[in-house]
Amino acid sequence: MNIENAQLDVDRWIKEHGVRYFNELTNMAQLTEEVGEVARIIARRYGEQSEKESDKNKDLGEELADVVFVVLCLANQTGVNLQEAFDKKLDFKTKRDHDRHHNNDKLK
């Protein structure tokens, strides 16, 4: 996925199907809600909590996509080029963490 294109796709979707972007605080609350849904699936499906019958058909991919959608909305409405920010972050983490993880005894 090209993040720049995804940002454009979300903006186009908002203009064609939505009335406008929700304000930033509403989208932050929305993001928190969506991350909570991802956490619920992970905790029950992969963690130690038992999965409720009503949760068994929840689609993790769909919930992760909800998170990505809201993040793209927030980037658009705050003027963040997320592709540029992501590329910069990946470069930073690559330089900082290359040896760190290879030398971490907890990961061996």
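**Exercise 1. Is aspartate 11 buried or exposed, and what does its side chain pair with?**

Step 1. Aspartate 11 has a relative accessible area of 19%, so it is buried. Buried means under 20% relative accessible area, exposed over 50%, and partly exposed in between, with a 1.4 Å probe and protein chains only.

A word on the model: it is predicted, so local features need pLDDT of at least 70 and side-chain atom pairs count only at pLDDT 80 or more, while totals for chains, interfaces and linings use all residues. Residues are numbered from 1 along each chain as its sequence is written, and side-chain values use heavy atoms, with hydrogens and water left out.

Step 2. Look for a partner. Aspartate 11 forms a salt bridge with lysine 15, and their closest N and O atoms are 2.7 Å apart. A salt bridge is a side-chain nitrogen of Lys or Arg within 4 Å of a carboxyl oxygen of Asp or Glu.

Step 3. Check the spacing. The two residues are four residues apart in helix H1, so about one helical turn separates them. Helices here are DSSP runs (H or I, at least four residues) and strands are E runs of at least two, numbered from the N terminus.

Step 4. Check the partner. Lysine 15 is exposed, because its relative accessible area is 63%.

**Exercise 2. What span should helix H3 have, and which of its residues are buried?**

Step 1. Take the rule: the expected span is 1.5 Å times one less than the number of residues.

Step 2. H3 covers residues 60-78, which is 19 residues, so it should span 27 Å. Its end C-alpha atoms are 27 Å apart, which agrees.

Step 3. List the buried residues: Leu60, Glu63, Val67, Val70, Leu72, Cys73, Leu74, Ala75, Asn76 and Gln77.

Step 4. Find what covers them. The cover includes helix H1 (3-17), helix H2 (24-45) and helix H4 (82-102).

Step 5. Glycine 79 follows H3, and its phi is positive, near 75°.

**Exercise 3. How far does helix H2 reach, and which of its residues are buried?**

Step 1. H2 has 22 residues and reaches 31 Å from its first C-alpha to its last. That is close to the 32 Å expected.

Step 2. Asn27, Leu31, Glu34, Val38, Ile41 and Arg44 are buried in H2. Their cover includes H3.

**Exercise 4. Which residues form the aromatic pair, and how are the rings set?**

Step 1. The structure holds one aromatic pair. Rings of Phe, Tyr and Trp (its six-membered ring) pair if their centres lie within 6.5 Å; planes under 30 degrees apart are stacked, over 60 edge-to-face, and the rest tilted.

Step 2. The members are tryptophan 13 and phenylalanine 69, 5.6 Å centre to centre, with 90° between the planes: edge-to-face.

Step 3. The pair links distant parts of the chain, tryptophan 13 in H1 and phenylalanine 69 in H3, 56 residues apart.

Step 4. Both residues have intermediate values. Tryptophan 13 is partly exposed at 40%. Phenylalanine 69 is partly exposed at 31%.

**Exercise 5. Which side chain of opposite charge is nearest to glutamate 63, and what does glutamate 63 touch?**

Step 1. Glutamate 63 is found in helix H3.

Step 2. It is buried yet has no salt bridge. The nearest side chain of opposite charge is lysine 58, 5.9 Å away. Lys and Arg count as positive, Asp and Glu as negative; His and the chain ends are not counted.

Step 3. Glutamate 63 touches Glu34, Glu37, Val38 and Ile41, leaving out residues up to four places away in sequence. Contact means heavy atoms within 4.5 Å.
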